[in-house]
Amino acid sequence: MARRGAVARRGHARGEPPAARPLRGPRLGGRAPRPPSGRGVGRTAARPPRDVPARGLFFTIEGLDFSGKTTLVRALKDSLAGTGTHFTREPGGTPVAERIRDIVLDPEAEMDAWTEAYLYAAARADHARGEVLPRLERGEDVVCERYLDSSLAYQGFGRGLGLEAVRGLNAYAVGAVIPDKTFYLRLRSGERERRARELGAALDRIEVVGADFMRRVEEGFEELARQEPERIVVLDASRSPGEMAEKIVGEMRQLQYTRDQEAT
Ligand SMILES: Nc1ncnc2c1ncn2[C@@H]1O[C@H](COP(=O)(O)OP(=O)(O)O)[C@@H](O)[C@H]1O
Ligand SMILES: Cc1cn([C@H]2C[C@H](O)[C@@H](COP(=O)(O)OP(=O)(O)O)O2)c(=O)[nH]c1=O
């Protein structure tokens, strides 16, 4: 994963449209992003000049802990080898965000739920603006393991901060960096727990909070999938990583085709 220092990215700190709204739009694929509203912007956003690369597409992989995201990403990396697709994950993906990750996942670190939500959002601001957006603008496709939906599900539903509040505090963190497609790994809790036990994983501070918390998070993901069926593709995570990767690559190709048609 390419990493750059924080100082070089300060120029991104302001001026992008907020995203305090459902993730429905604007998408990045194919066209320059449209601000959510505004004067006279509609007509200029349709097609980039031919010498500007079509914007890359942004894909996210979501799901509860132990649902198989990392394993799936490994299979996807094989399937997409040589395509120039960039893989990253949250929390993390930049030096500053990795440092925030160390704090927020430290099982010893007691913190208020709002502090936790802001830390995830702060890590996301650095990652989305400093790493993901420049790549998309250069025409690279990006696959990110966890993104804003994780905050909506874990902090919004799991911690009980509420969907709209968590959307709101992430609005300036993500700006216009909204996933074109999100793949949600749905897996029943018994199977997730079995996988966790089998793995004998060291539990981080989120995982130690227990089954009730995880049930609320799960309901959060399910609610998001209900709200945005076009963006969020639900995958049966009991299937093999290869089968899921095949499905995802198919969806990616379809979007890439549409993007390329729009750009010519
Ligand atoms: N599709 C799958 N079928 C069976 N077992 C899986 C599958 N995906 C992952 N696992 C196993 O489940 C455990 C958790 O997987 P992991 O990819 O680390 O999940 P996550 O990244 O979502 O926390 C690992 O032991 C992994 O080998
Ligand atoms: C990105 C993000 C993650 N999280 C949590 C979910 C996970 O428990 C933890 C990330 O741990 P990680 O080990 O990266 O993920 P996983 O267990 O899925 O392989 O952070 C949030 O609570 N909010 C967020 O916005």
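So, ligand 2 first: one of its oxygen atoms sits 2.7 Å from an N or O atom in the side chain of Lys69. Another pairing puts an oxygen atom of ligand 2 at 2.6 Å from an N or O atom in the Arg146 side chain, and a nitrogen atom of ligand 2 is 2.8 Å from a side-chain N or O atom of Gln155. The protein covers 90% of the 550 Å² of accessible area that this ligand has on its own, with areas from the Shrake-Rupley method and a 1.4 Å probe.

Before I go on, this is a predicted model, where local features need pLDDT of at least 70, side-chain atom pairs count only at pLDDT 80 or more, and totals for chains, interfaces and linings use all residues. Residues are numbered from 1 along each chain as its sequence is written, chains are lettered from A and ligands numbered from 1 in the order in which they are written, and side-chain values use heavy atoms, with hydrogens and water left out.

Back to the shell. Ligand 2 has 17 residues around it, counting a residue if one of its heavy atoms lies within 4 Å. Among the closest are Asp65 and Ser151. By class that is 5 nonpolar, 4 polar and 8 charged residues. H4 gives the most, with 4 residues; helices here are DSSP runs of H or I, at least four residues, and strands are E runs of at least two, numbered from the N terminus.

Now ligand 1. Its shell has 15 residues, with Phe66, Lys69, Thr70, Thr71 and Arg239 the closest. Here the backbone does some of the talking: a backbone N or O atom of Gly68 lies 3.0 Å from a ligand oxygen, and a polar backbone atom of Arg239 is 2.8 Å from a nitrogen atom of ligand 1. Cover is 74% of the 570 Å² that ligand 1 has on its own. H1 gives the most to this shell, with 3 residues.

On to the inside. The largest nonpolar core has 31 residues, and Phe58, Tyr147 and Phe221 are among those with the most contacts inside it. By that I mean buried Ala, Val, Leu, Ile, Met, Phe, Trp, Tyr and Cys residues joined through side-chain atoms within 4.5 Å, where buried is under 20% relative accessible area, with a 1.4 Å probe and protein chains only. A second, separate core of 21 residues includes Leu57, Leu72, Leu80 and Met252.

Last one: buried or exposed, what is Glu131? Buried, at a relative accessible area of 3%. Glu131 lies in helix H3, and its side chain makes a polar contact with the side chain of Arg135 at 2.8 Å; that term means a pair of N or O atoms within 3.5 Å, and within protein one must be able to donate a hydrogen and the other to accept it, while residues adjacent in sequence count only if both atoms are side-chain atoms.

Methods: Buried < 20%, exposed > 50% of the residue type's maximum accessible area, 1.4 Å probe, protein only. Nonpolar A, V, L, I, M, F, W, Y, C, P; charged D, E, K, R; others polar.
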